[in-house]
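Hi,

Here is the structure I promised to pass on. Have a look at it first, and then read my notes below.

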Amino acid sequence: EKDLDVILDARPDILNHNLETVRRLQRRVRPQATYERSLSVLTYAKAHGFVTKSSLMLGLGEEESEIGEALRDLRQCRTDILTLGQYLQPSLKHLPVERWVSPGEFAAWKERARDMGFRHVESGPLVRSSYHADENPISV
């Protein structure tokens, strides 16, 4: 928490911490991180009054129910902003793409996330965590 306090003391407009993937795939996708620690970072920032944002990459082998669980977990932390994008394999040393997510599925996830209470959602194959970051959609 003291390291996170250093960041929060700088008073960012938005505290972003990416969940990246669903609980089951976390260890394989992010061996240095834990799903629970990521949620605790978002919870801590929200408890200190910050607008929070997180992101998931789709196409790593996650199931629909697991995506829903991750979105519910992020809402339980009261995460405000969500980005959902297609995982793209950056090099042959990285995990392969398991599936290509259709634009229609991204649109459906956007609607579902908005219905769950996310204040702003960007969702599409080319969306990245910093997508439209210069256009703060949430007044702080």
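How many of the five residues of β4 are buried? Four of them are, so to speak, under cover: β4 is mostly covered. Before you go further, please keep in mind that this is a predicted model.

**The sheet**

β4 belongs to an open sheet of four strands, in the order β1-β2-β3-β4, with parallel pairing. The edges are β1 (14-16) and β4 (120-124), each of which pairs on one side only. From one strand to the next, the twist averages 15°.

**How the helices connect and pack**

One is made by β2, α4 and β3, and another by β3, α5 and β4. Helix α3, for its part, lies across β1 and β2 (51-58) and runs at about 160° to β2.

In soluble globular proteins, nonpolar side chains tend to be buried together. In this model the largest nonpolar core has 24 residues, and those with the most contacts inside it are L19, L71, L74, L82, L84 and F118. The elements giving two or more residues to this core are α3, β2, α4 (64-76), β3 and α5. The largest share, four residues, comes from α4. A second, separate core has seven residues, including L4, L15, V41 and A45.

Leaving aside neighbours within four places in sequence, F118 is in contact with L71, L74, R75, T79, D80, I81, L82 and A113.

Is S38 buried or exposed? S38 has a relative accessibility of 2%, so it counts as buried, the cut-off being under 20%. You'll find S38 in helix α3 (residues 35-47). Its side chain makes a polar contact with the side chain of H17, at 3.0 Å. Not counting residues up to four places away in sequence, S38 touches H17, N18, L19 and R30.

S102 sits in the loop between β3 and α5 (103-116). Here the relative accessible area is 36%, so S102 is partly exposed: that value falls between the 20% and 50% limits. The side chain of S102 reaches the backbone nitrogen of E105 at 3.0 Å. If you want a sense of where S102 is placed, compare it with L82, 20 residues apart from it along the chain: their C-alpha atoms are separated by 18 Å.

Cheers

Conventions. Residues numbered from 1 in each chain as written. Predicted model: local features only at pLDDT ≥ 70, side-chain atom pairs only at ≥ 80, totals over all residues. Heavy atoms only, no water. Buried < 20%, exposed > 50% of the residue type's maximum accessible area, 1.4 Å probe, protein only. Polar contact = N/O pair within 3.5 Å; in protein donor to acceptor, adjacent residues only side chain to side chain. Contact = heavy atoms within 4.5 Å. Pairing = 2+ DSSP bridges. Axes fitted to C-alpha atoms, helices over the stretch in contact; angles between N-to-C directions. Core = buried A, V, L, I, M, F, W, Y, C linked by side-chain atoms within 4.5 Å. Right-handed = clockwise from strand over helix to strand, strands pointing away.
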